Amino acid sequence: MSRLLIDRLVQPHLLDLQPYATARHEFGGRAEVFLDANENPFPENAYNRYPDPLQVTLRNKLAEIKNLRLEQVFTGQGSDEAIDLLCRLVGRPGKDEVLVCQPTYGVYAISAAIQHLRVKEIPLTAAFQPDVTAILKHSGPQSKLLFLCSPNNPTGNLIESDRLLALLNAFPGLVVVDEAYIDFAGPGASVLPLLAQYPKLVVLQTLSKAWGQAGLRLGMAFGHPRIVELMQRIKAPYNLATPSQQLALQALQSEDVFTEQTQLLVRERERLSKALNGLPEVLEVFPSAANFLLVRFEDAKSTYDKLLEKGIIVRDRSRVAQLENCLRITVGTPQENQRLLATLQSAP
Ligand SMILES: *Cc1c(COP(=O)(O)O)cnc(C)c1O
């Protein structure tokens with residue numbers, strides 16, 4: 001039933017696609033002499049062999065951490081690869097459409113446009129929540145994907161669960177919830193438990209933020225086994241290099257470092273938020289469940305320039321609709337945050 005529901009959304013020609021079978025796919029047993037993949041046999045370095053195309057060890061570890069089954073876990077080069085694959089999986093070029101709730105992460109609209117999908121931009125409400133009525137009013141049979149981001153970049157807030165449930169129940173296509181910042185949002189904030197009930201839900205996470213591994217390019221998509229299987233079918237055969245797989249596994253094994261750093265950053269976020277609120281040029285610090293703060297200044301441009309002059313860069317979002325005079329500030333180390341505050345407090 002769920003599988004049929006998913007297959008109806010997928011581009012029809014992909015359902016029959018025979019994926020490239022790598023040498024490592026074709027032979028799954030144990031062997032001592034590998035003459036099947038045209039590799040250089042001299043192990044002068046650790047990388048003379050092709051990586052595991054299915055990333056089984058890594059995916060098993062993630063499944064264990066996330067309390068899911070291996071078949072529900074996709075891994076790729078950053079969440080960005082998963083976003084691109086989802087667009088390609090369901091979107092018929094020139095025919096289908098993708099809905100995004102602005103202001104949000106820019107990659108959704110760009111990946112959709114590359115696949116030649118129409119992008120419908122539905123503004124978030126004044127409280128930065130998805131506008132359920134507007135989304136459903138603007139969706140139809142060609143609406144193959146809805147991208148939601150929770151906590152949302154750049155606004156920092158979580159999506160209310162009743163809104164998400166309403167969309168999961170009524171949106172015709174896949175509902176993708178990007179949880180890149182979920183580890184900063186406290187326990188129980190993730191919507192992963194909803195996967196059991198909603199085959200059209202896909203949850204994205206990443207090692208780039210709380211896990212501190214942005215340079216590895218390691219992203220995850222969690223979803224129905226059929227969606228994961230189809231994403232694997234259309235990905236590049238060896239999309240994750242051996243060192244990426246190994247280093248990701250290593251990072252996942254040092255969970256205590258990760259937890260400690262995440263807690264420290266959350267404390268710093270709260271401290272920074274209070275301190276910024278006390279500055280005369282700050283009009284509003286928006287509540288954040290992520291590792292950044294969206295801050296409205298009296299004059300974002302002059303604040304931006306003042307910081308830049310002292311070697312501090314923040315993200316200028318002031319030209320984005322609904323974000324007039326807003327800067328997005330990442331929470332740094334306590335020393336970096338102190339330097340930011342001292343610079344803001346100094347005379348112009
Ligand atoms: C940073 C970020 C990501 C991370 O992308 P990767 O490709 O995994 O590094 C994904 N989504 C959002 C909303 C982000 O801000």
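1. Proline 103 sits in the loop that runs between strand S2 (97-102) and helix H6 (107-114); helices (H or I, at least four residues) and strands (E, at least two) are DSSP runs, numbered from the N terminus. The peptide bond leading from glutamine 102 to proline 103 is cis, with omega near 0°.

2. On the source: this is a predicted model, in which local features need pLDDT of at least 70 and side-chain atom pairs count only at pLDDT 80 or more, while totals for chains, interfaces and linings use all residues. Residues are numbered from 1 along each chain as its sequence is written, and side-chain values use heavy atoms, with hydrogens and water left out.

3. A further cis bond joins asparagine 153 to proline 154, with omega near 15°. Proline 154 belongs to the loop between strand S4 (143-149) and helix H8 (161-170). Most peptide bonds are trans, and most residues other than glycine have a negative phi.

4. The ligand has 14 residues around it, of which Asp178, Tyr181, Thr206, Lys209 and Arg217 come nearest; a residue is near a molecule or strand if one of its heavy atoms lies within 4 Å of it. By class, this shell holds 5 nonpolar, 5 polar and 4 charged residues. Here Ala, Val, Leu, Ile, Met, Phe, Trp, Tyr, Cys and Pro count as nonpolar, Asp, Glu, Lys and Arg as charged, and the others, Gly among them, as polar. Helix H5 (residues 78-90) supplies the largest share of the shell, 3 residues.

5. For tyrosine 181, a polar side-chain atom lies 2.6 Å from a ligand oxygen. For serine 208, an N or O atom of the side chain is 2.6 Å from an oxygen atom of the ligand, and for lysine 209 the corresponding distance is 3.3 Å. The protein covers 94% of the 390 Å² of accessible area that the ligand has on its own (Shrake-Rupley method, 1.4 Å probe).

6. Asparagine 67, although not a glycine, has a positive phi of about 60°. Asparagine 67 is located in the loop between helix H4 (56-66) and strand S1 (73-76) and is exposed, at a relative accessible area of 70%. Buried means under 20% relative accessible area, exposed over 50%, and partly exposed in between (1.4 Å probe, protein chains only).

7. Asparagine 325 also has a positive phi, near 60°. Its place is the loop between strand S10 (315-316) and strand S11 (326-330). Asparagine 325 is partly exposed, with a relative accessible area of 29%.

Key:
Polar contact = N/O pair within 3.5 Å; in protein donor to acceptor, adjacent residues only side chain to side chain.
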